[in-house]
Amino acid sequence: MSSSHVSRRLSTLGGLASLATLIGCAPDTDPALSRGSTVVVAYCCGPEALNPNRWMPSQFLVFLPLASRLQDGAKEGRLAQRWEYSPGYDEVTFHLRTDVRWHDGVPVTAHDIAFTWELLTHPDILHYRFAGEVTITVMDDSTYIMGAEEWEEEEVDAWTVYYPKHVLQGLDPKEFYQWDFWTSPVGNGPYRFVRYVPGTLMEFEANPDYHRGKRPIDRVVLKFTADAAVTELLSGSVDAVTDADPADVAMVIDDPRFRVYHRPLPSLYAIFWHQNRPFFRDASVRRALTLAIDRPVLREVMNLPSAIPLFDEVATPHLDPRGDRTQALAHDPVRAGTLLQAAGWTDSDGDGIRERDGRRFEFTALVPGGFGWQRMAVYVQDQLRQVGVKMNISAIESGVMWERWLDADFDAAFM
């Protein structure tokens with residue numbers, strides 16, 4: 001819902017479907033990994049590993065969401081045992097499991113759900129920017145009703161995790177992202193916190209009281225190594241690399257010691273054009289920019305699988321399984337130039353950059369670090385230059401990037 005709020009002012013270039021890439025030891029190389037062991041994972045983040053400022057997958061080691069998405073796109077309950085919608089689809093009633101406990105033994109209740117929701121929409125936090133648009137009414141310890149103007153099946157949240165009210169109530173929301181809780185958490189998930197070594201690692205052990213049974217891997221260590229993850233994998237210092245840069249995948253994909261896993265995510269990699277900027281108000285200009293970029297080649301530049309689909313519209317998580325996608329626009333720089341010309345953008349002085357009303361078609365795109373984003377941006381920069389559009393690149397830290405995106409403080413953004 002937060003993204004739909006922002007999209008009233010933004011437009012996207014249809015992007016690549018999102019995926020997470022994991023490189024790990026092949027099972028036949030290290031069979032102990034499946035028989036009770038310690039697995040060391042090279043991870044990109046330090047204390048942000050569990051902090052909702054980053055929404056990293058590591059949060060699911062310690063905390064549970066309401067539901068989890070299965071491979072076929074269906075939802076399976078985690079904290080929620082079941083849920084049902086009102087006839088008008090303006091309310092959804094959640095029935096929670098009654099056998100889930102926090103790692104300190106306190107039962108998880110609907111009061112924790114309501115507390116977390118109030119926390120994430122608090123004016124000093126505003127992690128979700130639709131406070132007041134959604135209401136939560138706790139009926140009893142295991143039942144609550146969530147109200148909104150309209151719910152859809154895919155909106156049963158499989159990403160937000162929930163926090164213990166009895167531990168966090170009374171803490172200052174203004175210090176939310178700096179709370180010690182993020183580096184010494186009390187969770188309710190399959191692994192419980194053991195220790196945190198600043199700048200080095202975070203360690204977890206299998207929760208023996210986990211309601212779905214103790215996990216087969218005894219300990220998980222997240223080793224914070226952003227720049228040399230594959231080097232450490234090759235040396236044996238770590239067992240797996242998560243969210244690997246596609247360029248690193250190419251280094252190990254033919255090595256029989258390792259296995260590469262691509263996991264599609266219900267999201268997109270896209271470029272957002274800010275429609276309030278004069279360059280992007282015209283829909284035909286936005287179409288021209290899409291036509292100017294050879295996205296199949298971009299997919300190859302990023303070393304992504306050819307099966308990763310291309311999009312020209314915002315997609316729901318179930319869109320692909322239903323086969324409802326429209327065909328993405330083909331690369332057509334000639335048509336792109338025609339559209340730009342018709343919109344009044346011409347290169348009157350012959351310097352290779354189009355102008356209109358005395359203003360050059362030159363803008364700045366925000367680009368986060370990691371996952372080859374800057375390599376992607378350099379390729380797009382070259383493609384746009386070929387049709388007379390100059391895109392400057394501003395590399396920015398991911399957390400700052402997210403805040404600027406939510407505030408719509410940019411011309412264009414790779415997100």
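Start by selecting strand E6 (residues 91–96) and strand E8 (residues 143–147), which pair in the antiparallel sense over 5 bridges. Bear in mind as you look around that this is a predicted model. Within the pair, find His-95, which stands opposite Thr-143 in E8.

Now widen the selection to the whole sheet. It is an open sheet of 4 strands, in the order E5-E6-E8-E7, with antiparallel pairing. Strand E5 (80–85) and strand E7 (135–140) are at the edges; each has a single partner strand, so one side of each is left without a neighbour in the sheet. On average, neighbouring strands here are turned by 20° against each other, direction ignored.

Helix H3 lies across E6, E7 and E8, and runs at about 165° to E7.

For the next stop, select Asn-188, in the loop between helix H4 (165–168) and strand E9 (191–197). Is Asn-188 buried or exposed? Asn-188 is buried, with a relative accessible area of 1%. Show its side chain too: one of its polar atoms lies 2.8 Å from the backbone nitrogen of Leu-64. Beyond its neighbours within four places in sequence, Asn-188 is in contact with residues including Trp-102, His-103, Tyr-162 and Tyr-210.

Finish at helix H10 (residues 333–342), where Ala-336, Gly-337, Leu-339 and Leu-340 are buried. These four cover an arc of only 165° around the axis, so they sit on the same side of H10. Helix H7 (283–292) is part of what covers them. Turn to the face pointing away from the buried side, and you will find the exposed residues Val-334 and Ala-342. Just after H10, Gly-344 takes a positive phi of about 95°.

Key
Residues are numbered from 1 along each chain as its sequence is written. This is a predicted model: local features need pLDDT of at least 70, side-chain atom pairs count only at pLDDT 80 or more; totals for chains, interfaces and linings use all residues. Side-chain values use heavy atoms; hydrogens and water are left out. Helices (H or I, at least four residues) and strands (E, at least two) are DSSP runs, numbered from the N terminus. Buried means under 20% relative accessible area, exposed over 50%, partly exposed in between (1.4 Å probe, protein chains only). A polar contact is a pair of N or O atoms within 3.5 Å; within protein, one must be able to donate a hydrogen and the other to accept it, and residues adjacent in sequence count only if both atoms are side-chain atoms. Contact means heavy atoms within 4.5 Å. The arc is that of the directions from the helix axis to the C-beta atoms. Two strands pair if DSSP finds at least two bridges between them. Axes are lines fitted to C-alpha atoms, for helices over the stretch in contact, and angles run from 0 to 180 degrees between N-to-C directions.
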